[in-house]
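Subject: Structure for your review

Dear colleague,

Please find the structure below, followed by a short account of what was found in it.

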Amino acid sequence: MKRLILAFEFLTSFPIGRKETIEPHELGRSMAYFPFVGLVQGAILVIADSILGLALPIELTSVLILGILILT
């Protein structure tokens, strides 16, 4: 679980709250979870696109999706 949290902290801006120093070997071991973190980010973007695309024009939806990607 610690490695999954470390992967989320490294690849996203989600404030999970771990304040310890990170050793390079710990980050290396968390790389196994990088695809899962990418899957979660992609799922967030697909859901947001589906919802926003129903009510907004494609140009505005694209700008908002890009903003969501920057925030995650």
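Phe8 has a relative accessibility of 12% and therefore counts as buried, a term for under 20% relative accessible area, with exposed meaning over 50% and partly exposed in between (1.4 Å probe, protein chains only). Phe36, at 41%, counts as partly exposed.

Please note that this is a predicted model, in which local features need pLDDT of at least 70 and side-chain atom pairs count only at pLDDT 80 or more, while totals for chains, interfaces and linings use all residues. Residues are numbered from 1 along each chain as its sequence is written, and side-chain values use heavy atoms, with hydrogens and water left out.

A search of the whole structure finds 2 aromatic pairs. Rings of Phe, Tyr and Trp (its six-membered ring) pair if their centres lie within 6.5 Å; planes under 30 degrees apart count as stacked, over 60 as edge-to-face and the rest as tilted. The rings of Phe8 and Phe36 have centres 6.3 Å apart and planes at 85°, so this pair is edge-to-face. Phe8 belongs to helix α1 (residues 2-11) and Phe36 to helix α3, 28 residues apart. Helices are DSSP runs (H or I, at least four residues), numbered from the N terminus. Phe10 and Phe34 are stacked, at 5.9 Å centre to centre and 15° between the planes. Phe10 lies in α1 and Phe34 in α3, so this pair ties together parts 24 residues apart in sequence.

In α3, residues including Ile44 and Leu52 meet residues of α4, among them Leu64 and Ile68, where contact means heavy atoms within 4.5 Å.

A colleague

Notes. Helix = DSSP H or I, 4+ residues; strand = E, 2+ residues; numbered from the N terminus.
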